[in-house]
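Biologist: Let us go through the labels one by one. I will ask what stands behind each.

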Amino acid sequence: MEKKDKLEFPLLTESQIEVRIATYKEGKGASLLLYKDARCDANILDSVLGPENWQCRFYECKGNLFCSVGIRINGEWIWKDDCGAESNVEKQKGEASDSFKRACFKWGLGRELYTAPFIWVPADKLGDKFDRFEVEKIAYNDKRQIAGLSIKKVGGNRVFVWKKEESNAKKQAG
């Protein structure tokens, strides 16, 4: 990778962002969480840097699985690491995936997701705790923060709309 003023990855598009129920309260509603998966990170690294300009390594430290993501900048490898948490399903695979995503976050991939508003869907817009959701539209401001968001049920109606009170929101091209 050639020298740039600043390594900056593209903002996530609607199709790259996943949505899941974080908490469900029978008869009241559900809070939703935005996230990306490890394949998304690998695809972004490949498309922005080229597969030859990044790599990852896993190692254990004090019983925790860490991932180190290296990016070649001006011929040198620069590394950023983080550890992951086991998932409820396939705990070892989940821990590896989580540590990779967290190390990628340190490089800036998907950091904008941490600017999302609290997402609450009232019970009258839900079917049940097994509903699936998707990002319908997302907009960002010039600070790379989420400035607008709409979420709908997969194959269904819109259940959440939010717009940050800020004048220079711009639609993410995608």
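Biologist: Which two strands form a hairpin, and how many residues lie between them?

Modeller: E7 and E8 form the hairpin, with 4 residues between them. Arg-144 in the turn has a positive phi of about 65°. A caution: this is a predicted model, where local features need pLDDT of at least 70, side-chain atom pairs count only at pLDDT 80 or more, and totals for chains, interfaces and linings use all residues. Residues are numbered from 1 along each chain as its sequence is written, and side-chain values use heavy atoms, without hydrogens and water.

Biologist: What makes E7 and E8 a pair?

Modeller: Two strands pair if DSSP finds at least two bridges between them. E7 and E8 (residues 146–153) have 7 bridges, in the antiparallel sense. Strands are DSSP runs of E, at least two residues, and helices are runs of H or I, at least four, numbered from the N terminus.

Biologist: How do you know that E1 and E7 pair?

Modeller: E1 (residues 18–25) and E7 (residues 133–141) share 2 bridges, antiparallel. At least two are required, so they pair. In E7, Phe-133 is the bridge partner of Val-19.

Biologist: Why is the contact of Glu-134 with Lys-152 called a salt bridge?

Modeller: The term asks for a side-chain nitrogen of Lys or Arg within 4 Å of a carboxyl oxygen of Asp or Glu. Here the N to O distance is 3.6 Å, so the pair qualifies. Glu-134 lies in E7 and Lys-152 in E8, so the pair ties together parts 18 residues apart in sequence. Glu-134 also stands opposite Lys-152 in E8.

Biologist: What makes Glu-134 partly exposed?

Modeller: Buried means under 20% relative accessible area, exposed over 50%, partly exposed in between (1.4 Å probe, protein chains only). Glu-134 has 29% relative accessibility, so it counts as partly exposed.

Biologist: What distance separates the closest N and O atoms of Glu-8 and Arg-144?

Modeller: They are 3.4 Å apart, and the two residues form a salt bridge. Glu-8 lies in the segment before E1 and Arg-144 in the loop between E7 and E8, so the pair ties together parts 136 residues apart in sequence.

Biologist: Which residues of H1 are buried?

Modeller: Ala-38, Cys-40, Asp-41, Ile-44, Leu-45 and Leu-49. They cover an arc of only 155° around the axis, taken from the directions from the helix axis to the C-beta atoms, which puts them on the same side of H1. On the other side, Arg-39, Asn-43 and Ser-47 are exposed.
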